[in-house]
Amino acid sequence: MNKIIGILGMQGAIAEHQEILLQIPHTKTRIVKTAKDLDCIDGLILPGGESTAIGKLLDYFSLKEILRQKIISGLPVFGTCAGLILLAKNIENQTNTHLETMDITVKRNGYGSQLDSFSTNLLIPTIDKNMPIPLVFIRAPYITKTDKDVQILATLDNKIIAARQKNMLVSSFHPELTCDLRFHQYFLSICLLYTSDAADEARSV
């Protein structure tokens, strides 16, 4: 059975995530712009971009609360860069937040401006115990605090750059801007754990 992964289609690296996902066998994609687009998907990617702009668009299209409730109910979600900020319950030096579903505090633009963008390679044992993973950081945030239920997957220079809490996965970096499939494959494995039988049945009708 093919798995359908939604990609929030408001703003950001939408096509890049789609291109990576379509390289993974038995995986289809759907661009999500309305509440109806959330039906019968097995997971959702919140792409990198501008978190403030995406947050405003979620409000404008009346998607924010619907999406929040679906995530709380177990919809697997993968937030990259801006997507990480959207999921965080707390944002340093900022009172307004967005979906508020993940027990983390983040620092926006933690690694500086666009000019401070960089790439590196890092071994992330949860993803692959043997081969480092290429990481691309663009105006990247990082996580400054986590709740006890949050699993820290990777740190760089003592800063948390990837984490998971139940059905929620986040990264400071952009795995979609490399040719490496492993982070998306890991997200697919989370989707398999949380797949709804109802969603599978609906697709087979």
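Trainee: Hi! Is H26 buried or exposed?

Mentor: Hello! In this predicted model, H26 is exposed, because its relative accessible area is 58% and anything over 50% counts as exposed.

Trainee: And where is H26 found?

Mentor: H26 sits in the loop between helix 1 and strand 2. Its phi is near 65 degrees, a positive value in a residue other than glycine.

Trainee: Which loop holds N93?

Mentor: The one between strand 5 (88-91) and strand 6 (102-107). N93 counts as exposed, with 77% relative accessibility.

Trainee: Back to helix 1, then. Which of its residues are buried?

Mentor: In helix 1 (residues 14-21), the buried ones are I14, H17, I20 and L21. They cover an arc of only 135 degrees around the axis, so they lie on the same side of helix 1.

Trainee: What covers those buried residues of helix 1?

Mentor: The cover includes strand 1 (3-8), strand 2 (27-32), strand 3 (43-46), strand 4 (77-80) and helix 5.

Trainee: Nice. New topic: how many residues are in the largest nonpolar core?

Mentor: That core has 32 residues, and L46, L67 and I104 have the most contacts inside it. The largest share, five residues, comes from helix 4 (residues 82-87). Apart from this core lies another of 31 residues, among them I5, I124, I133 and L135.

Trainee: What does I104 touch?

Mentor: Not counting residues up to four places away in sequence, I104 touches L84, A88, K89, N90, I143, K145, T146, V150 and V170.

Trainee: Where is I138 in the chain?

Mentor: I138 is in the loop between strand 8 (133-137) and strand 9 (142-146). I138 is partly exposed, with a relative accessible area of 26%. Residues up to four places away in sequence aside, I138 touches C81, Q114, S117, H174 and L177.

Trainee: How far apart are I138 and S119?

Mentor: They are 19 residues apart in sequence and 8.7 Å apart in space, C-alpha to C-alpha.

Trainee: You mentioned strand 9. Is Y142, found there, buried or exposed?

Mentor: Y142 is buried, because its relative accessible area is 12%, and buried means under 20%. Y142 touches T105, V106, K107, G110, Y111, K159, I160 and S172, again not counting residues up to four places away in sequence.

Trainee: And what separates Y142 from G43?

Mentor: Their C-alpha atoms are separated by 23 Å, and the two residues are 99 residues apart along the chain.

Note on methods
Residues are numbered from 1 along each chain as its sequence is written. This is a predicted model: local features need pLDDT of at least 70, side-chain atom pairs count only at pLDDT 80 or more; totals for chains, interfaces and linings use all residues. Side-chain values use heavy atoms; hydrogens and water are left out. A nonpolar core is a set of buried Ala, Val, Leu, Ile, Met, Phe, Trp, Tyr and Cys residues joined through side-chain atoms within 4.5 Å. Buried means under 20% relative accessible area, exposed over 50%, partly exposed in between (1.4 Å probe, protein chains only). Helices (H or I, at least four residues) and strands (E, at least two) are DSSP runs, numbered from the N terminus. Contact means heavy atoms within 4.5 Å. The arc is that of the directions from the helix axis to the C-beta atoms.
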